[in-house]
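Colleague: I have the sequence and the model open. Can we go through it in short questions, with the cut-offs stated as we go?

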Amino acid sequence: MILGMYTRQRALQLMEEWTTSESLRKHALAVEACTCGYGEREADRQGLAGDQRDVFVLPYSLAGLLHDFDYDRHPSLEEHPYVGNRLLTEQGWPEAVRHAILAHAAYTGTSRESHLDRVLFACDELSGFLTACALVKPSRSIHDVDPAGVRKKMKDKAFARAVSRDDMIEGAALLDLALEEHIANCLRSLQAAASRLGLEGMAAEA
Ligand SMILES: [Fe+2]
């Protein structure tokens with residue numbers, strides 16, 4: 001495998017080529033921000049630096065960007081994420097990335113083994129929920145979202161009802177983190193990426 005060919009830029013292009021929905025594009029970028037945050041943490045924990053660190057974190061970026069890239073065209077349970085996986089296989093994308101993408105969808109029956117597998121699953125629903133929390137703020141800013149408020153919203157069944165609370169809880173457990181800490185970590189990642197996610201708030205966009 002020549003990882004050099006499989007850059008963030010290529011993943012971004014592929015995702016954008018297949019995804020016309022603006023909110024799904026933003027979702028890919030938001031999940032990427034969160035998965036990269038965990039990739040960087042793990043790289044630091046392992047004492048990696050420079051190129052080694054970059055090479056370690058790249059799959060986290062690719063998996064985040066590409067995990068739903070086929071969803072716009074092939075949203076059914078029969079096709080997503082299999083159609084995408086087939087293309088990624090043909091194009092030679094790293095196996096670790098493809099495995100994580102298959103494993104993020106529980107119904108594929110693919111077990112979550114690697115750190116990347118667990119991170120992608122843990123960030124998928126939570127990043128959507130945090131984005132929803134930002135968009136109901138008067139400011140529409142992710143900077144105004146705090147973990148305690150997120151916990152409160154989780155208990156409100158009518159709020160963002162499509163987002164599975166069980167998956168959010170299971171994700172934190174998979175990472176051996178308290179839910180509160182997982183929320184805080186992802187929130188920090190989204191805040192750092194706020195401008196490309198359109199979550200800086202109204203003041204910044206005015
Ligand atoms: Fe997703």
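Colleague: Where is Arg140 found?
Modeller: This is a predicted model, in which local features need pLDDT of at least 70 and side-chain atom pairs count only at pLDDT 80 or more, while totals for chains, interfaces and linings use all residues. Residues are numbered from 1 along each chain as its sequence is written. Helices (H or I, at least four residues) and strands (E, at least two) are DSSP runs, numbered from the N terminus. On that numbering, Arg140 is found in the loop between helix 6 and helix 7 (147-155).

Colleague: What is the phi of Arg140?
Modeller: Arg140 is not a glycine, and yet its phi is positive. The value is about 55 degrees.

Colleague: Is Arg140 buried, partly exposed or exposed?
Modeller: A residue is buried if 20 or more other C-beta atoms, placed from the backbone, lie within 10 Å of its own, exposed if 12 or fewer, and partly exposed in between. Arg140 has 17 C-beta neighbours inside 10 Å, so it counts as partly exposed.

Colleague: Which class does Asp176 fall in?
Modeller: Asp176 sits in the loop between helix 8 (165-174) and helix 9, and its phi is positive as well, near 60 degrees in a residue other than glycine. Asp176 has 9 other C-beta atoms within 10 Å, so its class is exposed.

Colleague: Is the peptide bond from His80 to Pro81 cis or trans?
Modeller: Pro81 belongs to the loop between helix 3 and helix 4. The bond from His80 to Pro81 has omega near 5 degrees, and is cis.

Colleague: How far apart in space are Tyr82 and Thr108, C-alpha to C-alpha?
Modeller: Tyr82 is in helix 4 and is partly exposed, with 15 other C-beta atoms within 10 Å. Tyr82 and Thr108 are 26 residues apart in sequence, while the distance between their C-alpha atoms is 8.7 Å.

Colleague: Which residues does Thr110 touch, leaving out those up to four places away in sequence?
Modeller: Thr110 lies in the loop between helix 5 and helix 6 (115-135) and counts as partly exposed, with 18 C-beta neighbours inside 10 Å. Two residues are in contact if their C-beta atoms, placed from the backbone, lie within 7 Å. By that rule Thr110 touches His99, Leu102 and Ala103.

Colleague: Which helices do the buried residues of helix 5 pack against?
Modeller: Helix 5 is mostly covered, with seven of its ten residues buried. Among them are Arg98, His99 and His104. The buried residues of helix 5 pack against helix 3, helix 4 (82-91) and helix 6.

Colleague: Are helix 3 and helix 5 parallel or oblique to each other?
Modeller: Axes are lines fitted to C-alpha atoms, for helices over the stretch in contact, and angles run from 0 to 180 degrees between N-to-C directions. Under 35 degrees is roughly parallel, over 145 roughly antiparallel, 65 to 115 roughly perpendicular, and the rest oblique. Helix 3 (residues 50-66) and helix 5 (residues 95-104) pack at about 40 degrees, with axes 9 Å apart. Helix 3 and helix 5 are therefore oblique.

Colleague: Which residues in helix 5 meet helix 3?
Modeller: From helix 3 come Pro59, Leu62, Ala63 and Leu66. Their partners in helix 5 are Ala96, Val97, Ala100 and Ile101.

Colleague: How do the residues of the contact of helix 6 with helix 9 divide?
Modeller: Helix 6 and helix 9 (residues 179-192) pack at about 70 degrees, with axes 10 Å apart, which makes helix 6 roughly perpendicular to helix 9. The contact includes Cys123 and Ser127 in helix 6 and His182 and Cys186 in helix 9. Ala, Val, Leu, Ile, Met, Phe, Trp, Tyr, Cys and Pro count as nonpolar, Asp, Glu, Lys and Arg as charged, and the others, Gly among them, as polar. The contact of helix 6 with helix 9 divides into eight nonpolar, two polar and no charged.

Colleague: What radius of gyration does the chain have?
Modeller: The chain has eleven helices and zero strands. The radius is taken over C-alpha atoms, and the globule rule is 2.2 Å times the number of residues to the power 0.38. With 206 residues, a compact globule would come near 17 Å, which agrees with the chain's 16 Å.
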